[in-house]
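Trainee: I've just opened this one and I'm lost. Can you walk me through it, one piece at a time?
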Amino acid sequence: MSRDLVGKRAVLTGASGGIGRAVATALVKAGARVALASRNADKLNELASALRGTGGEVLAVPTDVTNPDDRQRLVETAVSAFGGLDLLVNNAGVGSWGHFADSTEAICRTVMEVNFFAPIELTRLALSHLTLGNQPAVVNVTSMCGRKGMPAWPEYSASKFALVGISEAWRAEFARFGVDTLTIVPGMTNSGFEKNWLRNDGKADLRFDKGMTPEYLAAKIIDAIQQNRTETVCGSEARRLLRFNRYFPRLTNWLLARKVKKLYSK
Ligand SMILES: NC(=O)c1ccc[n+]([C@@H]2O[C@H](COP(=O)([O-])OP(=O)(O)OC[C@H]3O[C@@H](n4cnc5c(N)ncnc54)[C@H](OP(=O)(O)O)[C@@H]3O)[C@@H](O)[C@H]2O)c1
């Protein structure tokens with residue numbers, strides 16, 4: 001099946017961020033109508049007017065995805081403005097970089113709220129509308145940490161594994177409603193993600209500046225939606241790491257542990 005995005009009615013969370021902004025732009029370029037959601041109203045309004053300037057049909061709906069009333073309002077606003085819903089792109093997310101031993105319960109709960117409970121509850125609200133939609137799909141932006149738990153990303157890995165897991169379960173469950181579930185598994189992306197982390201005291205030398213551009217990733221996400229790809233791993237280092245881990249899991253774990261011991265030896 002190939003999906004034509006022209007006229008599709010979409011909700012996109014995390015639209016104010018690096019990846020979300022690029023996905024919003026690419027969705028509009030492909031002809032979709034998009035409700036843009038995230039907390040920062042100024043950034044959303046600025047993006048909405050830029051996209052309207054290109055002829056896009058967009059709504060800015062300031063939303064904290066962890067707030068049930070905000071989620072309800074987001075879905076209702078999009079459905080009433082567009083007359084229905086065809087796509088839900090769960091992209092909003094937050095990271096926390098540092099080891100579990102000196103992390104906190106509050107960090108773990110926030111990461112799980114934003115990255116797991118919020119997208120799944122938004123999906124619960126959207127599902128009855130998607131069921132009536134045109135080639136409907138839920139698109140979950142996860143992470144390579146959702147396929148391989150990484151040191152210094154304990155809560156984040158757990159939240160993304162949870163989202164990957166529920167996506168797999170939904171794939172069969174939602175088939176009875178004709179709703180597809182697509183999982184995006186990105187590697188490092190130069191989006192400004194690190195500016196919003198809850199913690200930033202991991203020790204490895206992370207080079208987000210060497211990651212994919214948000215525009216490159218957005219093009220992969222649009223392609224995955226159009227081609228209805230079940231799971232899309234994006235970025236060469238993510239593909240390499242996940243492939244290596246699949247064939248050599250014990251060696252991968254040994255190498256990761258060796259690196260952690262070296263980083264923390266002093
Ligand atoms: N960058 C990477 O290397 C990378 C790699 C793999 C996966 N990802 C995933 O890609 C997605 C987008 O990340 P990004 O790199 O674009 O990071 P980002 O620039 O930090 O953007 C995160 C987005 O999520 C929104 N957000 C955060 N908390 C929210 C909340 N409670 N309610 C509503 N919106 C919220 C932020 O907007 P407001 O602050 O305005 O609310 C922002 O638009 C995330 O799910 C992330 O986990 C990123």
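This is a predicted model: local features need pLDDT of at least 70, side-chain atom pairs count only at pLDDT 80 or more; totals for chains, interfaces and linings use all residues.

Trainee: Which residues of α5 are buried?
Mentor: P154, E155, Y156, S157, S159, K160, L163, S167 and W170.

Trainee: And how many residues does helix α5 have?
Mentor: Helix α5 spans residues 154-173, so count 20 residues. From first C-alpha to last, α5 reaches 29 Å. That is close to the 28 Å expected at 1.5 Å a residue.

Trainee: What is K160 in contact with, leaving aside neighbours within four places in sequence?
Mentor: N115, T142, S143, C145 and G146. Take G146: it sits 14 residues from K160 along the chain, yet their C-alpha atoms are separated by 4.2 Å.

Trainee: Let's zoom out. How many helices and strands does the chain have?
Mentor: There are 8 helices and 7 strands. The radius of gyration is 18 Å, close to the 18 Å the globule rule gives for 266 residues, so the chain is as compact as a globular protein of that length.

Trainee: What box do the C-alpha atoms fill?
Mentor: Roughly 60 × 40 × 30 Å, taken along the principal axes.

Trainee: What share of the chain is buried?
Mentor: Buried residues make up 45% of the 266. Take the contacts with a separation of 6 or more: 72% of them join residues 24 or more positions apart.

Trainee: Now the core. Which residues touch the most other members of the largest nonpolar core?
Mentor: V11, L12, L27 and L36, out of 68 residues in that core. Helix α1 (residues 18-29) gives the most to this core, with 7 residues.

Trainee: What does V11 touch, not counting residues up to four places away?
Mentor: A35, A37, L74, V75, A78, L85, L88, V89 and A126.

Trainee: There's a ligand too. Which residues are closest to the ligand?
Mentor: G14, G17, R39, N40 and G93 are the closest of the 31 residues that surround the ligand. Helix α1 turns up again here: α1 gives the most to that shell, with 3 residues.

Trainee: How does the shell divide into nonpolar, polar and charged?
Mentor: 10 nonpolar, 18 polar and 3 charged.

Trainee: New topic: the chain start. Is M1 buried or exposed?
Mentor: M1 counts as exposed, because it has 7 C-beta neighbours inside 10 Å. M1 is found in the segment before β1 (9-13). M1 and Q135 are 134 residues apart in sequence, but 9.2 Å apart in space, C-alpha to C-alpha.

Trainee: Last one, backbone angles. Where does A152 lie?
Mentor: In the loop between β5 and α5. Phi of A152 is near 75°, a positive value in a residue other than glycine. A152 counts as buried, with 21 C-beta neighbours inside 10 Å.

Trainee: And what is phi of N228 near?
Mentor: Near 55°, and again the value is positive in a residue other than glycine. N228 lies in the loop between α6 (214-227) and β7 (231-234). With 13 C-beta neighbours inside 10 Å, N228 counts as partly exposed.

How values were computed: Residues are numbered from 1 along each chain as its sequence is written. A nonpolar core is a set of buried Ala, Val, Leu, Ile, Met, Phe, Trp, Tyr and Cys residues joined through C-beta atoms within 7 Å. A residue is buried if 20 or more other C-beta atoms lie within 10 Å of its own, exposed if 12 or fewer, and partly exposed in between; C-beta atoms are placed from the backbone. Helices (H or I, at least four residues) and strands (E, at least two) are DSSP runs, numbered from the N terminus. Two residues are in contact if their C-beta atoms, placed from the backbone, lie within 7 Å. A residue is near a molecule or strand if its C-beta atom, placed from the backbone, lies within 6 Å of it. Ala, Val, Leu, Ile, Met, Phe, Trp, Tyr, Cys and Pro count as nonpolar, Asp, Glu, Lys and Arg as charged, and the others, Gly among them, as polar. The radius of gyration is taken over C-alpha atoms; the globule rule is 2.2 Å times the number of residues to the power 0.38.
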